[in-house]
Amino acid sequence: MTEVSTFITEFRLLDTIDANASSLDFDPSGSRIATAGPEGVEIWNVESGLPVLVLEGQSGGVTDVAFSPDGSSVATSSDDGKVRLFEADTGAQQLVLPRSG
C-alpha cells in the first residue's frame, strides 16, 4: 500500500469509529487500531474497517489505550482506576494493576 492509500484507508476507518472514543492507538505495523471509550475497547482491522476484537474486563469507561512497542499487548486504563494488560491477538487479560493509595 502506498502512503497515500494507507492514509485514505485510515481516514475512512476513523470516520466509522464511534464518536465517543476517548483514546485510540495504531499498532506498530499500522494494520490495527485500538479505540477506547465509555463502552470499552475495540480493536479494528485498518484495511477492512471492521472491528476484530473486543477487550473485556474493564468496569467503567476506558480512558486510555495503547499498544506495546512490539504490538503483542494492549494496555488500558479505566474509570475504576485500574490499568489492565491484554494480549492483542486474543484479548486475554494478562495483568491488572489496582489504583495505588
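The following conversation concerns a predicted model of a protein.

Visitor: What is the secondary structure content, in terms of helix and strands?
Guide: In this predicted model, the protein has one helix and eight strands.

Visitor: In what order do the elements run from the N terminus?
Guide: The order is α-β-β-β-β-β-β-β-β.

Visitor: What is the order of the strands in the open sheet?
Guide: The open sheet has four strands in the order S5-S6-S7-S8, and the pairing is antiparallel.

Visitor: Which are its edge strands?
Guide: Strand S5, residues 62-67, and strand S8, residues 93-97, are the edge strands. Each of them pairs on one side only.

Visitor: And what does the twist average?
Guide: From one strand to the next, the twist averages 15°.

Visitor: How many bridges join S6 to S7?
Guide: Five bridges connect strand S6, residues 73-78, with strand S7, residues 83-87, and these two strands run antiparallel.

Visitor: Which residue in S7 is the bridge partner of Ser73?
Guide: Ser73 has Glu87 in S7 as its bridge partner.

Visitor: Through what do strands of a sheet pair in general?
Guide: They pair through backbone hydrogen bonds, either parallel or antiparallel.

Visitor: Changing topic, what share of the residues counts as buried?
Guide: Of the 101 residues of the protein, 35% count as buried, with the limit set at under 20% relative accessible area.

Visitor: What is the accessible surface?
Guide: The accessible surface of the protein comes to about 6000 Å², and carbon and sulfur atoms hold 53% of that surface.

Visitor: What share of the contacts comes from residues 24 or more positions apart?
Guide: Among contacts in the protein with a separation of 6 or more, such residues account for 31%.

Key
Residues numbered from 1 in each chain as written. Predicted model: local features only at pLDDT ≥ 70, side-chain atom pairs only at ≥ 80, totals over all residues. Heavy atoms only, no water. Pairing = 2+ DSSP bridges. Axes fitted to C-alpha atoms, helices over the stretch in contact; angles between N-to-C directions. Buried < 20%, exposed > 50% of the residue type's maximum accessible area, 1.4 Å probe, protein only. Contact = heavy atoms within 4.5 Å. Areas by Shrake-Rupley, 256 points an atom, 1.4 Å probe, with all protein chains shown as cover.
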